[in-house]
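Please look over the sequence and the structure before turning to the points below.

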Amino acid sequence: MTDTALEAVLRRDRAVVTAALVVIAVLAWAYVLWLAADMVMPGSPVPGSAGGDMTEMDMSNMDSSPMDTGGMDMGATMAPGFRAWVSADFAFIFTMWAVMMVGMMTPSVAPMLLLYAGVGRKARADGRPIASTGWFFAGYLTVWVVFSIVATAAQWFLARLALLDPSMATDSAILGGLVLIAAGLYQWTPMKGVCLRQCQAPIAFLASHGGFRSAPLGALRLGIDHGVYCLGCCWALMALLFVGGVMNVLWIAGIAVLVLLEKTVPTRQLIPRVSGALMATIGAWLVFQAL
């Protein structure tokens, strides 16, 4: 294959991978938007919930039936209590988190996937095939699926303590402030820096992890390794979803944009440190106002 023909094939492969990533991200965001739009309708059922009749308030609190005290409906005047989640509740919330993570993280991993696809095509042309990009991407997404399980458990715990409002944001200014402070401080930690450098430099990541893999399981493991670094870089930012609202679309988009800028704009530690200082300052102000 001539150099010109190879370049044409590489451009085609990059276009195919880019289109696939765009479709995946668009579908994930469409689901999040649909879900958020449905949830903000007062009294409307939440699709996929247990029994199909959970309302906006039920979503955040998973509440029980109103208390019956002397024939008076105390549910009209008292905060709803907690009802133990059933398997359908966990499945629904987990699916929500998993799809949301796909929508938020796919754009930021695109440079790595495009590099992988380009090298893979060239390697096949040279007679040294490597495992497909899909295996690497599957490993990457596996990490965020596991994170979604943890996030679901965290949401259950906060709901159990009645610390979430109908938008699935904490209604405690102190807790919200403390989460902001913690996330802001983490932006300055060496761990954040180490993980971010691995995400910012795909070639350096591959060089430090033995390069591309020819076996599918090897590529899957490589994707998991990359996903772990990405998780180490972004987990604190994802915790902010409980501050602004898990179903607050603008808040979700803002965090996704911040993640993308951190990984793709060549400013080293400037963006995370500036954003971290801002988060910590706002968090301290919220705590101070609540005391």
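Predicted model: local features only at pLDDT ≥ 70, side-chain atom pairs only at ≥ 80, totals over all residues.

Residues are numbered from 1 along each chain as its sequence is written, and side-chain values use heavy atoms, with hydrogens and water left out. The protein chain holds eleven helices and two strands; helices (H or I, at least four residues) and strands (E, at least two) are DSSP runs, numbered from the N terminus.

**Overall organisation**

- In sequence order, the elements of the protein chain follow the pattern α-α-β-β-α-α-α-α-α-α-α-α-α.
- Of the 291 residues of the protein chain, 43% count as buried; buried means under 20% relative accessible area, exposed over 50%, and partly exposed in between (1.4 Å probe, protein chains only).
- The accessible surface of the protein chain is about 14,000 Å², and 72% of this belongs to carbon and sulfur atoms; such areas come from the Shrake-Rupley method with a 1.4 Å probe, and for residues only the protein chains shown count as cover.
- Among contacts (heavy atoms within 4.5 Å) between residues at least 6 apart in sequence, 72% join residues at least 24 apart.

**The nonpolar core**

- The largest nonpolar core has 63 residues, of which Trp-97, Met-100, Met-104 and Met-238 touch the most other members; a nonpolar core is a set of buried Ala, Val, Leu, Ile, Met, Phe, Trp, Tyr and Cys residues joined through side-chain atoms within 4.5 Å.
- Helix H3 (residues 87-125) gives the most to this core, with 15 residues.
- Leaving aside neighbours within four places in sequence, the contacts of Trp-97 include Phe-147, Ala-151, Leu-241, Phe-242 and Val-246.

- Helix H4 has 28 residues and reaches 41 Å from its first C-alpha to its last, close to the 40 Å expected at 1.5 Å a residue; the expected span is 1.5 Å times one less than the number of residues.
- Thr-133 lies in helix H4 and counts as buried at 17% relative accessibility.
- Not counting residues up to four places away in sequence, Thr-133 touches Leu-113, Tyr-116 and Ala-117.
- The end C-alpha atoms of H5 are 20 Å apart, in agreement with the 20 Å that its 14 residues should span.
- Gly-176, Gly-177, Leu-180, Ala-183, Gly-184 and Tyr-186 are buried in H5, and their cover includes helix H6 (190-200), helix H8 (216-239), helix H9 (241-244) and H11.

**Helix H10**

- Helix H10 (residues 249-264) has 16 residues and an end-to-end C-alpha reach of 22 Å, close to the 22 Å expected.
- Its buried residues are Ile-252, Ile-255, Ala-256, Leu-258, Val-259, Glu-262 and Lys-263.
- These residues lie on the same side of H10, because they cover an arc of only 155 degrees around the axis; the arc is that of the directions from the helix axis to the C-beta atoms.
- At the start of H10, a side-chain oxygen of Asn-248 comes to within 3.3 Å of the backbone nitrogen of Leu-250.

**Loop residues with positive phi**

- Ala-162 lies in the loop between helix H4 (133-160) and helix H5 (173-186) and has a positive phi of about 60 degrees although it is not a glycine.
- Ala-162 is partly exposed, with a relative accessible area of 41%.
- Arg-268, in the loop between H10 and helix H11 (270-290), has a positive phi near 55 degrees and is likewise not a glycine.
- Arg-268 counts as exposed at 67% relative accessibility.

Methods: Polar contact = N/O pair within 3.5 Å; in protein donor to acceptor, adjacent residues only side chain to side chain.
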